[in-house]
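Colleague: Please take a close look at one part of this model for me. I would like the place where the two chains meet, and what lies behind it.

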Amino acid sequence: MADVKLSGVHKYYGNVHAVRGVDLTIADGEFAVLVGPSGCGKSTLLRTIAGLEDPDGGTITIAGAVVNDLRPRERNIAMVFQNYALYPYLTVSENIAFGLRARKTPEIEIRKRVSEAAEMLGIGNFLQRYPRQLSGGQRQRVAIGRAIVRKADLFLFDEPLSNLDAQLRDEMRTEIKRLHHEITTTMIYVTHDQVEAMTLADRIVLLRDGNIEQQGAPLELFEQPRTGFVAGFLGSPSINLIPATFRTNGPGAAVVFQTGGELTLPSAKARPLANMDGRDILVGIRPQHFSRAGGPLREGVVPYSATADLIQPTGTRTFTTIRIGGTDAVAELQAHDVSSHGERIDLAIDLNRVVLIDPASGLVIA
Amino acid sequence: MRVGKLPARKARILAVRYLGAGVVTLLFLFPVYWLFMISFKTPDEIYHVPPLWIPGQIQFSNYYVLFRDGDVLAILNSLIVSGVSSGIAIVLGTLCAYSLARFGTGGENLAMWIISQRMIPPIAVVFPIFLIYVYLGLVDGYFGLILLYTAFNLPYVIRMMRGYIVDVPLELEESALVDGLNRWEVIWKVVFPMVRPGLMATSVFTFVFAWNDFLFALVLTRTEVITFPVMLTHYFGGQSNFWAKIAAMSVLGTLPIFVAVSVMQRYLVRGISLGAVKG
């Protein structure tokens with residue numbers, strides 16, 4: 001068990017500044033997910049923590065000790081790779097025991113730990129098989145097994161589910177979450193998949209261009225994004241960003257769309273913009289904050305009438321494309337809320353949770 | 001009707017193919033067969049007209065002479081020189097290849113420059129090397145030949161092994177580094193098992209290169225360390241050729257290669273095809 005602390009970590013690849021002075025503290029036993037688009041530096045950061053890359057600046061501390069000059073094997077970490085990294089010439093059992101044998105663990109202890117791990121991961125029947133005889137999901141279980149038996153201070157996962165098909169990915173995600181509950185080791189998990197990040201993390205660290213854009217609990221990032229990038233990255237389908245102008249109107253305020261029409265903002269959202277009359281803003285409305293209008297509207301919920309364009313039923317919910325402020329926006333409705341293309345629908349938009357972004361700086365204003 | 005006919009037609013085509021393959025095989029194997037037969041013949045049978053396909057009686061006197069006169073020491077010399085030089089070339093070459101493949105040693109061009117050393121015509125360098133060897137006192141000894149064959153085989157080994165090592169997924173090595181191995185252990189326990197077919201194929205070829213070399217051995221040996229190809233030339237005389245000795249010696253000289261290739265066959269096919277795919 002160990003906490004991890006990065007301070008001012010930099011990494012260059014030639015002229016590319018991949019990690020730009022990252023400061024990050026991960027508490028003992030925490031499940032931190034590094035997430036971000038391709039090339040944001042998340043894998044580089046993980047590999048730097050593992051010691052597979054040397055940082056070009058800053059310090060990395062694991063369990064209170066600076067590890068910059070320690071080799072990977074001296075850091076007492078375990079790592080799971082995207083391509084499983086199983087040795088094809090060793091059986092499952094030998095693969096799992098590989099790290100223990102490398103550390104000269106007594107054979108009795110090795111056998112005990114391998115069978116414990118195999119039982120925990122449900123791969124007890126495959127121990128004598130070779131990796132090529134296993135499915136993708138089974139291989140990744142073996143890779144995780146190899147990490148578990150090490151009883152390392154810190155677990156690192158580098159996009160471990162990216163090679164699996166969707167259904168298997170859901171299953172393995174659950175397994176990894178359960179695993180963390182059972183062994184409570186500090187885990188750092190890299191993914192580009194925001195669903196994985198949201199579901200697994202105690203804390204999400206969202207990276208962009210080698211910097212931490214925002215970090216915090218999954219729902220905190222989702223509901224209180226600090227920038228338009230964070231708002232846009234988390235959530236599926238993505239948040240709708242609609243260009244508009246902010247107008248104060250006596251005690252109230254509204255966003256006026258360039259194509260006409262306006263939405264009255266609730267006072268809590270309008271207050272921070274009191275002296276910004278006439279400013280251009282991006283109005284961020286999540287698809288989940290649309291609903292079919294019916295009955296009296298709560299404070300901050302406004303009616304909106306639209307025409308259904310594309311309709312994408314998923315079974316439980318139906319994604320409907322509508323026009324709002326001259327932009328295509330996706331509304332997530334109940335399965336049977338809309339039935340045909342071109343249908344006129346009366347919607348309600350919950351503006352209590354709207355995100356208002358300054359288009360120049362990309363920062364969330366309210 | 002048609003369904004019944006088709007297998008018959010296929011069988012005919014197959015029969016013709018096998019027949020063609022058989023004829024070509026016989027054609028290629030005939031010199032080898034003739035060599036073996038001569039080695040068992042008496043001088044009368046060797047010069048018999050018309051030629052005798054099979055000797056009247058299998059006898060080993062031609063081989064006995066080689067052992068009695070100590071000529072077989074040439075085979076031992078070849079084994080020592082080829083074996084040791086291949087071993088050194090494989091070990092050094094694989095480590096160099098690892099460095100090129102994983103640490104990018106020498107940048108983009110070093111790997112190509114190394115293989116370009118193989119392109120030098122040996123005849124162009126054999127006399128300068130001879131002069132240097134005379135100066136250093138390396139002529140007519142094991143060390144000189146081993147050094148030379150190692151130098152000539154290294155580029156080949158480096159080139160081949162680099163290709164095989166590049167094919168090993170980097171994550172396997174990184175995983176081993178995290179799991180507790182140092183770099184040497186990674187090479188031994190991860191890289192080596194992964195490239196084994198390629199390593200075996202390369203070993204056979206390096207051994208064969210050294211084994212078959214005639215030019216350097218001819219120029220750089222005198223009386224002490226005569227290798228098998230050079231020894232063979234001693235049996236071609238101005239007055240007559242000792243066909244019995246030539247045949248027996250050739251058979252003895254072919255056997256180690258035959259054994260090596262037979263033992264490594266499984267690796268050879270995989271090793272060669274691995275390289276071919278990578279290109």
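Modeller: On chain B, 13 residues are in contact with 16 residues of chain A. Contact here means that the C-beta atoms of two residues, placed from the backbone, lie within 7 Å. The model is predicted: local features need pLDDT of at least 70, side-chain atom pairs count only at pLDDT 80 or more, and totals for chains, interfaces and linings use all residues. Residues are numbered from 1 along each chain as its sequence is written, while chains are lettered from A and ligands numbered from 1 in the order in which they are written.

Start with the chain B side. Helix H8 (170-179) and helix H9 (183-212) of chain B are the elements that give two or more residues to the side touching chain A. Helices (H or I, at least four residues) and strands (E, at least two) are DSSP runs, numbered from the N terminus. H8(B) gives the most to this side, with 7 residues. By type, the side of chain B that touches chain A has 7 nonpolar, 3 polar and 3 charged residues. Nonpolar covers Ala, Val, Leu, Ile, Met, Phe, Trp, Tyr, Cys and Pro; charged covers Asp, Glu, Lys and Arg; the others, Gly among them, are polar.

Now cross to chain A. H8 of chain B packs against the buried residues of H2(A), as do helix H3 (107-121) and helix H4 (136-148) of chain A. Helix H2 spans residues 92-102 of chain A, and 9 of its 11 residues are buried, so it is largely enclosed by the rest of the structure. A residue is buried if 20 or more other C-beta atoms lie within 10 Å of its own, exposed if 12 or fewer, and partly exposed in between. The buried residues include Val92(A), Ile96(A), Phe98(A) and Leu100(A). Just after H2(A), Lys104(A) takes a positive phi of about 55°.

Ser93(A) is worth a stop. It sits in helix H2 of chain A. Ser93(A) is buried, with 20 other C-beta atoms within 10 Å. Beyond its neighbours within four places in sequence, Ser93(A) is in contact with Val114(A), Leu127(A) and Gln128(A). Ser115(A) is 22 residues away along the chain, and its C-alpha atom is 8.7 Å from that of Ser93(A).

Last, the wider setting. An unreviewed UniProt entry annotates residues 4-234 of chain A as "domain: ABC transporter"; such annotations, given in the numbering used here with shortened feature names, may be inferred rather than shown by experiment. That span is 37% helix and 26% strand.
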